[in-house]
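Welcome! Take a moment to look at the sequence and the model, and then we will walk through some of the details together.

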Amino acid sequence: MRCLAVCQTELVIRMLHEILLPSFEVEFLVESKPVARRLHEARLNVTAADPRRTDTYLRADLTPGTCVVVEDNGRRSLKKILEAIRDAGGTLVYVLGVGISHAREREHALKAQFPELNYLALSELFGGPLLTEFSRSLTRLRVQQYQRFFTDAERVLILLHNEPDPDALASGLALRNALRRTRQTAVIAALEGVTRPENVRMVNLLDLHVEQITPAQVAEYDRVAMVDVQPHYFGGAIDRVDLVIDHHPEQPGYTAVFKDIRPDYGSTSTIMTEHLRAVDANISERTATAMLYAIKSDTLFFNRQANRVDIEAFSYLYPLADAALIRKMEGAEITMERLEYVLRAKQHGRLVEQVFCAFLGALPREDFIPYVADFYLQLENVKWTIVAGVVHDSLVISVRNLGYSRNAGEFVRKYFADIGSAGGHRAMAKAVVPLRAFRDKFGNIQADGLTERILTMALDFLHEHQPAGRLVRA
Ligand SMILES: [Mn+2]
């Protein structure tokens, strides 16, 4: 393809020459004769001519298929140049903003007159990769610091939250990799082990080991790290931690020697991918597979709370991972007993204004509740799901939405933060409330009235900021 570049700045010309040359036939058009001479001596294909004149382009054999790049350094003559190009039949026009502080306004002003042109700001083209590089150096510094801090420890503990999920398991594995340790020298553990079917399946397929320990045993380790969780989660049971890496909102009230908390990340595995990349660590197929699966499952395959960094980590890990194994792990989601609760929700649930609400009664395990909430969110006409059930003596409530309506975390905090634990993100949230506290606040509601009561709360909440009838619409 042919490319005609209308430029004034030597640096821009040399840069375009370097970038475009292998794939384009590039010709430069400059106004200044001395610049043209210098570039000509450097063996660039350059012509000196007046860029504001139509015949300049006619002489240059401009066709509609020629890609024209015009440097914009803020000079007034730009419009004259663009007019001349248009009059000579040029259609593929790219304006390259160099040192333009209000690039978007500039673009709007130009497009009013030349709707076809494309505007690219040099700062935007370079900004992304440059910032990524710089933040990678920052991350590298951080990782090297904690690597050093952990280096002389004999026994390291990597502590996960109870019932470790794929993200916790993968992050634990990744941290052990970053610390360059083995199963013997860095123990991955939790206070309560893995029981949910998909987590069990991941543990088996990837041959992971999660040790179950007591809070007292934490003292037996020289260094303690937590991933995918922060100390407040353990309710004071663990009073010392050296390193915390997590993507949940930062909690106050604890000190750690090193912290890397990034609540805008979709998973802790995304943070760990950046850590490993920053120090050029070798990522084994097993670790890559675990992390890829974790990013997929924590972001519901990018359906909730995912951003550019998660997608970036995903594409970095993808070639390193075993995709077939991931498909196998995912197959474990559906089990007969889970289907029982899906059916129960169908019988007792209500769907009003795209909000699905169901009370499942007493349950032997908590994981049925978020499972059912996720399940019904897949339905065509559902934008919010709120599923509750009683586990031991607590009411557990899972909230999901499609992420573009009101905040699920705000909903549970508004009604339940004063009587239990309540928190979460925009698109997913959870509350755990002792039954007695729930009854004290909301009255002695019987099982059949509970679905209705919670549904009313949800609709009240959603109506607060939006007129009725226009609820949660995409
Ligand atoms: Mn997570």
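**The whole chain**

This is a predicted model, in which local features need pLDDT of at least 70 and side-chain atom pairs count only at pLDDT 80 or more, while totals for chains, interfaces and linings use all residues. Residues are numbered from 1 along each chain as its sequence is written.

The protein chain has 17 helices and 18 strands; here helices (H or I, at least four residues) and strands (E, at least two) are DSSP runs, numbered from the N terminus. Along the principal axes, the C-alpha atoms fill a box of roughly 85 × 65 × 40 Å. The radius of gyration of the protein chain is 29 Å, whereas a compact globule of 474 residues would have one near 23 Å. That value is taken over C-alpha atoms, and the globule rule is 2.2 Å times the number of residues to the power 0.38.

How many of the 474 residues count as buried? The share is 39%. A residue is buried if 20 or more other C-beta atoms lie within 10 Å of its own, exposed if 12 or fewer, and partly exposed in between, with C-beta atoms placed from the backbone.

**Helix α9 and its partners**

Now let us turn to helix α9 (residues 268–278). Nine of its 11 residues are buried, so α9 is largely enclosed by the rest of the structure. Among these buried residues are T268, I271 and L276.

Two packed helices are described by the angle between their axes and the distance between the axes. The axes are lines fitted to C-alpha atoms, for helices over the stretch in contact, and angles run from 0 to 180 degrees between N-to-C directions.

| Partner of α9 | Angle | Axis distance |
|---|---|---|
| α10 (residues 285–298) | about 140° | 8 Å |
| α11 (residues 308–317) | roughly 60° | within 9 Å |

Which residues meet? On the α10 side, S269, T270, M272 and T273 of α9 meet M291, A294 and I295. By class, this contact has four nonpolar, three polar and no charged residues. On the α11 side, T270, T273, E274 and R277 of α9 meet V309, D310, A313, Y316 and L317. These residues divide into four nonpolar, two polar and three charged. Contact means C-beta atoms, placed from the backbone, within 7 Å; Ala, Val, Leu, Ile, Met, Phe, Trp, Tyr, Cys and Pro count as nonpolar, Asp, Glu, Lys and Arg as charged, and the others, Gly among them, as polar.

**Residues with a positive phi**

Most residues other than glycine have a negative phi. Just after α9, however, D280 takes a positive phi of about 50°. D61, in the loop between α3 and β4, has a positive phi of about 60°, and D61 is exposed. R180, in the loop between α7 and β8, has one of about 55°, and R180 counts as partly exposed.

How values were computed:
Two residues are in contact if their C-beta atoms, placed from the backbone, lie within 7 Å.
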